[in-house]
Structure formats: structure tokens, C-alpha cells
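User: Hey, I've got a structure to look at and I'm new to this. Can you walk me through it?

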Amino acid sequence: MPKVLIVDDSDSLRSQLKKSLITAGVDVVEAADGVQGLSVFQANTDVKLIISDVNMPNMDGLTMCSKLVQLPAAKSIPIIMLTTESDEGMKEKGKAVGVKAWVTKPYQEDKLIMAVKKLCGM
Amino acid sequence: METLNAKRPLKRKLIQSTLAILLISFSVASVLVFIGIDKIGAGIVSLVSNRSEDTTKMLNEFSTSSTGRIRENFTQDIRNRSLNVLKKDSGSLVQLFQDNSFLQVKEFVQNVFKDDKDILRAAFFVYDGKQITGWHYVDRNYPQALDMGTEFNLKTGEWVGKYKGAKVKFEDPSVKDIIGSNGPKIVESKLQTADGEVEVFETYVPVYQKFKDIKEMETQVKSARGKNPVGYLRYTISLSSLQKAIKTEQESLKKYITDIEGGNKQTLKETTELGVSLKASILTQLGIAIFVLLFGAFFFVRYTSIKITTPVMALIQVAQKISKGEYKQNIDVVTDDEVGILANTFKDMSSAIVKRDEELAELNKGLEKLVEQRTSQLAQEMKKVRNLLDSMRQSVFSINKTGEVVEPVSKFSETIFKTSIAGGKVTELLYKDLDKKSELAVANRTALTTVFDEDDLQWMLMEGNLLREIPLVVDSQKRTLQVNYNPIFDEAGKLEQIMYIVEDVTEERELKRQIEEERKANQEKSQVLTELASQNVEDIGNFFANVFDLAQNAKNLSQQPQSLDGNRAEIFRALHTIKGNAKVYGFEKLGSYVHDVEQYVVGLKDKANSEQIDCDHLQKEILHTQRLITQYCDIAEKVLKIPFKIKALKIKAVHNDLMQNPELDAAAKDRAYYSLEPFFAESEAFTRSDAQWKKLVDWVLHEVIDRGMVFSAKFENTYLKNCSESFVRTVAYCEREINHNKDSAIIEATKGLPAAPELFDDLMALRHVLESTSSFEIKEKIVGLRFATADLKNLLVENINRSPSIYMFVIRAFELVNTYATNHKSIAKVTDPGFIVFEKNWDSISGKLEKLTLPLNLWNPVKECLVTANYVPLRKSLARYFPLVELTSSKLGKKARLIVKGGEAFVPNDKLESLNNALTHLIRNSVDHGIESPEDRARNGKAETGSITVAVFEAGEHVRVEIHDDGKGLSPDYLKKKAIEKGFLKPEQAAKLSDKEAIELIFKSEFSTKDSVSDISGRGVGMDAVKEIVAKDLGGTISLESKPGQGMIVTIEFSKLVHVNNHLKQVA
């Protein structure tokens, strides 16, 4: 079962997403902000995909991704970014740090699951 | 001709490499040959010298062996000779000796000595065993022989004798050997002569007695030794001739060897010389051969390479020509090697190319034609597409990454946008009238920034965010555009453009909206209808009676902006109760709407003062609430044929009619009032509690009574059951005041009552009655009819002596009740539990009444009547909570059931609604906050279905209602924590609280255990509202008991009695 890391400061979003991901046959680990996300990733290097929020306390999603790409284990891991708004600059920045797809919040569950499955090669 | 100047031509390469190989191999061969020749020379020299040495050695060996052989032959010869001589001589001697002829012996030996020059010594001597005596001794030193008698001294080994008379002495070591021998012997020895020492053979033989022959002698000598020899003959024979022969032999050999060695040396010398000259000649020839070979090789290689490169060059020229497009080439290369094959292949290739070229040319001609055809077809298609695009009633265009509109653009685009859009920005054309900050617009923008240059995955994720319906103002007209999107991906699968298909759907939408509105209205109606249909008519009546009043109250309050801040809680309570009732009756639509309004009111709490409150909005919301209620009412009236509102309107109409036409005659007035009678005969007339309505009803009643009109028994019955408590108590109050003739006090009282419009209205109504009549009897009638209330009864009894009018009221009441009771005997049921209440106080009342000399037989019917009229069994109204629990729990995904225990208790009709309001709150709280989800319950070992038990107990005039639930209960610590968080309790205070006190914190105003607002039980638990209802409306107490994890018990206790006094005190 592929493992997915969810990084979001909203407990309810995380638990909801976790529930639907587990139903879709995906293993889930969670983190509440970028700092936590990095440490959770280092404890779970078998993670196949990361779903992260952009705006978070302590460390935002894009900063986290820019730190992640420096880790050899995280180099080729696709990232799905959750955001309410994204401009051109943000998109370019994301592209440079491994963001494979952008998803707006509130997300459409079926489509997000489809994207997760595709990026996990399921 | 194009010359081919290869950097390093094949020819040169071939020559260079061949010559190099030859040169190297020759050099190596030369060196080897040189070394070889040297070795051959050395070999020959060593062979020659070895051969000469070998020859010398061989000759020397030959010489040695030949001398040996000579010597051997010689010795043999001597031996044989001497042996023969000895044999012969010894035989002769024996004879001589036996004859004793010394002289003859002497002569014999002397002759032998003389004849043979080689015999250097000759002797014959005898040995008698003691003495050796020479018969004859001669040698070269003594050639005349020694004298006879010469003896040999055995001791000294010397001969001692005389020669020519002189004494001589000389050694002869051989003698001892001779005398030992018994046969002939030859021994090599040496003899000292004048010429020096010479080699000799010493030959000797013993001479025996005569033998027949020599054979006998030999046998004799060998075997027997029997006879002693008579003497010994001895010859010493010189070997000098032998030596001479050997010497001669050796000398000749030596000479020969020397000759041979000289020849060998010469040969060696010649051989060496020959080697040197041979070396030189070989080297010279080798050099010449190398030169010749190199020279020849050069020309041969040159010839060969020219032979190879010439056809190659020719091929190259041909290839160059072919490469320039001159495919038709004659290739004259005739060679049977690989180049020949290459040339042939080239020939084939060239001809194939020529053929292909011709074919291609042929094809091209066809293709040109085809292209021409296709182009014209395409042009036609394009024209069709263009036509299609132009004839479309849609705007079709694409945008690129920068949001720019790109062709093709359909003609209709101009109609929609009223401008040419190609090259424009989509944000300025299509999205210009969007609220940029709205969530949808943001999502749309985000989608457009993320999809370009990405794959279909990103498109799939974002597609849903693109706006499907967009408002646009064109020529100051609001239009609605419907947009469909088509992604256009490039070859790499990345999004390049998005095609927009835009349609103006303004009219369509408007039509749709209207249809939708109608549909929605119908749906609402049908929803309302469904909701109404599931209730019984009486309940619906009760509901409207309640909520109209509450809504009116809220509306009135909201119209006082200056005191809105203070009224807010009151408005909230009114709305909350409306919502609660709506939920209880299953009027979901109304309930959820009022919930929203309620939340709005709660939100006002945070506003600092009334200026910040949007009063208009609040009023609008409340007005809408009223409208919704009216909508429900309308539908109910229409469908259920219950004219709730129509009747109200009728009363209003009659009222207005009468008020506006005071000059109407009495009969017309009577007719008007009588027209209302059927309505008043039904309970609905009395159950509506809004003040306006009540005022009307009360007014009509006053009028009717005032005019001395008599309504039907049905009317009386209904009236008795439903008369307004407020009216009764106001009348009682005013009556008392009237008795004290204190009109001013009434006015005074009204002044202090702005916040209680209900009472105010009642008072006004009463004033109106009192002012409009001076007949005490009418007043008496009015008051008398109110006697039905237990509290009033107490009041009247207590004050019976204080006023003759009260006395009269009581009498009158009794009479009326009596009449009533006589007419409705079937109602009288003394066994009703409610009766007990009355009975309990009966003694004091009857005791006082006795003084009034009232015939006692009147009392029982009065009692019956009172009980029936005022007290209703609680159980009936509890029934409504079954669907409430069911509905609420299923909405929350929980499982709960209601259990009712007891409930036969009778409670005053006017307290029932208050109790119901409280119960609604409490039961909803239990379902919402108490009962856990089925999963949680299962986890905690509880049955999945929670139970809520309403148990009713009675003890005298007290009623106790307990609401149990087996949910999670309340945690005292949690409540303390919340209270501290909310700031109305300090930590040190909290520490001092007992668990029970902590639980009761929940009754604090605005306390909330739940952070989010729930549709089910509103903000928090609203326990303060419940407490207020219990305390104020029921005059009772509420208490709470919680077992965390196991459940909670709320207990409400109140008296069945109505305490008018309390109200009166408040009013005062």
C-alpha cells in the first residue's frame, strides 16, 4: 500500500482527507505544519506522495518543499499542493520544488483521490 | 573534374607501410645473418682446432700402445728365447755338471755370453743348501769371468771372488730370488753398468738331474720339487735394443704428430680467414639484396596501389557526381576485387536511384495534383468551419497562456461582447464584472494560472474551478453567460490553449429562475404541507397560537432600537422558543430559518452597543420569520380548511367595523358579535397568544358580556377551558384597585410596564372595559367568569371579606358554574388526580366560604368543573416528543429512544406550555450533547441505542418531572475549565466549587459547552433559558445530577398551583 504524507494545519481537513485516502487504499501519515512535515518525512522515507497545504504556521508548504528537495530520499517524490489561491509566481516556485499538481480548497474528493492514485502509480 | 586531394592518399599510405615493413624485416634479417656468420666462423675454428688436438692425442695414444706392443712382443720373444736357451742350456749343463767338467761349463757359458751381445751377464752357480759357489760368472764388467771358487756371501748379498787374480766384491740382490725358484723365470730388473743403469731381463732356471726330456723336467719341477736342483743357470739380458726400437718408433711418431699439428694450425688459420671473407661477402650480398628488394617493392607497391586507387578514385568521382544529383553515371571500373564489387554495387545503386528518381518525379506530379485538390478541399472545409463558426449562436474562441484571446473567433462573439475580442484579454472581456474577491473568482483565477503547460491531470483537478456561469454587463444590461471549456493540448500533452464556448443564457436563466422559483415555492409548499400533514389539527392550532405571539413579541422588541441591547436576550429567547416549537412539530423549514436568525441575534452580542447593530436587517429577518409563519398558516388554512387567520381577520374586521362605526344600532352590533360566535365556540380562538390577537378576543368578550349577550353552551365551555390567564389576573388586579378607587394607581402601574407589553395590553383592554361601563354588574360578570382559575379562586377566597363586590363575584360564579355543571354532568369526574390539589386546599376555602352561608350542595359540581376546566393530563403532551427524539437523533447519526413513565399527572393548562418549552430544550440537549454516537457507545460497552426517559411523579400539589439520559453526562472539571476560559470564573473560585456546584455552572447565562453552533439545540445548551422558564413561568426549581460517562438527570419540580400573587407583586 503506498504511503502518503498529509501536511495541513487543519485537523478536520486532515482527518477527512485521511479517511478518504485510507478508503481509497492508501496508507497515511500526517503532520500539522512544515517543520513537522519534514521530521515525519524523515521518519517515513517510503512515502510515495506528499499532499501539503501552502499556508501553515511555523513553516509554509513551499518552504517545506524547498527543504525536502535537498534530501536525496525526497528528490523524486511528487507533491500535491492545496491552496485557496495561487498566482503565476507561486506556481513557478512550486514547479522548482517538485510540485506536481495544484488543488484548490475546498477540494473535490473524487478528483483528488484520482490524482493521488495516478501519482502513486496505482 | 573535381580533384580528390585526400589528406593522406591511399597510395602513399600503402607504399609507406610496405616499405617500412620490408625495411624493418631486412634490418632484422641482416642482424640475424651477421650474428649467424660470426657464430659459423667461430664454430669452424673451434672444430678445426679440436680436430688437430684429437689427432695429436690419438697419435700419442697410438704411439704409447704401439711401444707397449713392441715391448710386449719383444719381451715375449726374449722370454721364449731365454726359455729355450735355458731349457737347452740347462740340459747341456746337467750333462756337463755330472761329468764334473768345470771347464766345459765355463766354456759353455762363456760362449753364450760371447754370442749374444744382449746378454750382459751369464752365470752358473750351485747351492748345496749352505754355500753358493759360482762355477762360472761373467758380465760385461768382468768379461773374462771370475775365478773358480767365487762364492756368494748370503749375509751381505755380495759376490766375493777374484778377477784376473784381483779380489772383487759386488752386490747381486737377485741371487736370493734365484735360489728360491724351482722353475725358469724372467724378471725385469735393472743393472748398473759402465754406461749407467740399464733395463734388463733377469732370466734364470734351476738345473736338475738329467731328465729324459724337457717335458719331464717341467713336470718334475712343477709337481714334485722332489729333487733339489744341482745349480742355477742365469742370464741377464739387456733391453737396450728394445729401448732403441721404441725410441726410434717414438721419434718417428713425434715427428709425424708435429707434422700433423703444423698442418692443423695452417688449416685453422685458413679457416678463420675464409670466415672473415665469407662474412664480408654475405653482408655485401645481403645489402644488395635489400636494396634490390626495396627498390622492387617500392615499384610493386606503387603499381598495386595505383591499381587499387584508380578505380576507387573513379568511384569517388562518380559518387560526387551522384551526390550532386547527377544520378545517371557510367561507371567504367573493371576489376575483379572488392573494388569491382563496390563498383558494381555503385552501378546498381546509381541505376536504382535513377529509377527511384524517375518514380519520384512521377509521384510528385501526382502529389502536386493531390495537394492542389486537398488545398481546395481544405479551403472549402475552412469555409464551412468559418460559416459554422459565424452561424453559431455562441461565442467560440481560445485563450493562450497569457490570457489573450486567439483565433479562430466566432462571429457571434461580437454580438455577445459588443466588441471585437481577438487579441484582447479574457480578464477584461469575460471576467470584468466578476467580484474579484469572491471565492469562485479566486478559484477560477487559480485554475487559469495552474493549468497551462501542465498535463491533463492538472486540468482534471482544476477544470471544476472554471466558472460555468459568468455575469457580464453589456450596454449597461446585466447578462448571464454560460461557458464551456475545452482543453487543447500540444504534442507533448501539455495544455497550450483553452477553448471557450460562451453562450448568452440571460433569458434562459431568467425563465429557468422563474420556473425554479415556482418549483421551489411549490416544493416549499409541499414540504410545509407534508410537515403540517403529520400533525394533528389541535397541535397545529397550539403551535400557531404560540409562535404568532412570539414572533410579534420579537418584532415589537426589534422596533425599539434604543433599547435593542437590552432586548436582545428577550428576542433571542422568543426566537429560540419558536425554533424549538417548530422542531417539535417537525416544521423543518421554519425551524432552520429561525435557527439562522437566532444565530444572527447571537452574533449581535459581540457588538458594543445598539448603534452598531443593523436594526433594519434584524427587523427584516424577524419580519421574514413572521411571513414564514404566515405562509405555514396560509397553507394550513387552505389545505386543512382551518381558518386560523381568516377568523382572526374576521374579528379584526368586526372590531374595526364597530370601532369605526360607533353609531351602529344595537341590533347591528349584536349581529356582528353573534357572527363571531361559531369561532369562539372553537378552542383556537383562545389558544393564540399574540397580544394583538388577545386584545381583540378580550375586547370581543368584554363587549359580549357588556351587552348581556348569551352565547351558546359550547362557547361557554370553550371559554372556560381557554380563558386567558393574563386577562383573568389583570381583571382581578384591576378589580381590587377599583374597589379601592385608585384609578391613578392603575395609571401608575401602566407607566412602569413598558417591557411587558402583554400586561400593558391587558391593562389597556381592561381600562377600556372599565371606562366604557359604569355597571358594576357587568364588572361582576366579567370577574365572575374568571373564577375558573385556581389561583384566582384563592385570591377571591382570601379577599372575600374585603369587598362586597368580590363576594358578589363569587356568588355569581358559583351560580354560573352550577348552571354549567348541571348542563354537563358527564364531565364531572371526581376521581381525576388533579382534583386532589383542589381538595387539599378545600378545607380552608370551604371554611371561609361557609361564612357565606352558601348552600353546600353547590360545591361538588363546582369542584368537578374546576378540575376539568383547568387541569390537563401531562401525558398527552408528552407524546409529541417521540418523533422529536427520533428525528433529532437520526439527523445527528445517533440512535435514541424516548421512554415515558408516569405522566398521568394533571397540570394547569397554563403551565403546560411552559413545561413543554423547557422539556423541548432538555430533550434536545440530551440527544445532541448527552447521547454518544453508536460507535462510541459500543466502544464504552453501552447499547448502541441511547435512551431518554421522562418520568413524571406527583406528590401533593407538587409535580416532579425527571429527564434521564444514559449518555456521557457532564464532567464537573470540564465545566470549570470552560467557565475559566470564558472568564466568568477565576481559577481559585473554581477550585472551591464542589462537583454539584460545578455542574450547576451550566445554568449560567450564555454558558456553552459546545463551541460550534448546532442546528439541533442551538448555541450551547441554553440551560439558562430553561432555568428561567422553570423559575419564572412554572414557579418551580430545576436541578441537575450528572454521572460522568453514565448519564445525567435533570429534575424539574413545580407546584400545580398558579401563584397569581407572585405576578402581582412583580407588577407592583
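User: How many residues does helix 5 of chain B have, and how far does it reach from its first C-alpha to its last?

Analyst: Keep in mind that this is a predicted model. Helix 5 of chain B covers residues 240–323, which makes 84 residues, and it reaches 117 Å from first C-alpha to last. That is close to the 124 Å expected at 1.5 Å a residue.

User: Which strands is strand 1 of chain B joined to by bridges?

Analyst: Strand 8 of chain B (residues 231–238) is joined to strand 1 of chain B by six bridges, and the two run antiparallel. Strand 2 of chain B (residues 132–139) is joined to strand 1 of chain B by seven bridges, and that pair is antiparallel too.

User: What are the bridge partners of Ala122(B) in those two strands?

Analyst: In strand 8 of chain B, Ala122(B) has Tyr235(B) as its partner. In strand 2 of chain B, the partner is Val138(B).

User: What do strand 1 and strand 2 of chain B form?

Analyst: Those two strands form a hairpin, with four residues between them. Gly129(B) sits in the turn and has a positive phi of about 95 degrees.

User: Switching topic: how many aromatic pairs are there over all chains?

Analyst: There are 15. One of them is Phe397(B) with Tyr500(B): the ring centres are 5.1 Å apart and the planes are at 15 degrees, so the pair counts as stacked. Phe397(B) is in strand 9 of chain B and Tyr500(B) is in strand 13 of chain B, so the pair ties together parts that are 103 residues apart in sequence.

User: Are Phe397(B) and Tyr500(B) buried or exposed?

Analyst: Phe397(B) and Tyr500(B) are both buried. Another stacked pair is Tyr585(B) and Phe587(B), because their planes are at 25 degrees, with the centres 6.2 Å apart. Tyr585(B) and Phe587(B) are both buried as well.

User: Last one: at what angle do helix 11 and helix 15 of chain B pack?

Analyst: About 70 degrees, with their axes 10 Å apart. That angle makes helix 11 of chain B roughly perpendicular to helix 15 of chain B. The crossing is right-handed.

Technical notes: Residues numbered from 1 in each chain as written. Chains lettered and ligands numbered in written order. Predicted model: local features only at pLDDT ≥ 70, side-chain atom pairs only at ≥ 80, totals over all residues. Heavy atoms only, no water. Pairing = 2+ DSSP bridges. Expected span 1.5 Å × (residues − 1). Phe/Tyr/Trp six-rings, centres within 6.5 Å; stacked < 30°, edge-to-face > 60°. Buried < 20%, exposed > 50% of the residue type's maximum accessible area, 1.4 Å probe, protein only. Axes fitted to C-alpha atoms, helices over the stretch in contact; angles between N-to-C directions. Parallel < 35°, antiparallel > 145°, perpendicular 65-115°, else oblique. Left-handed = near helix turned anticlockwise from the far one by under 90°.
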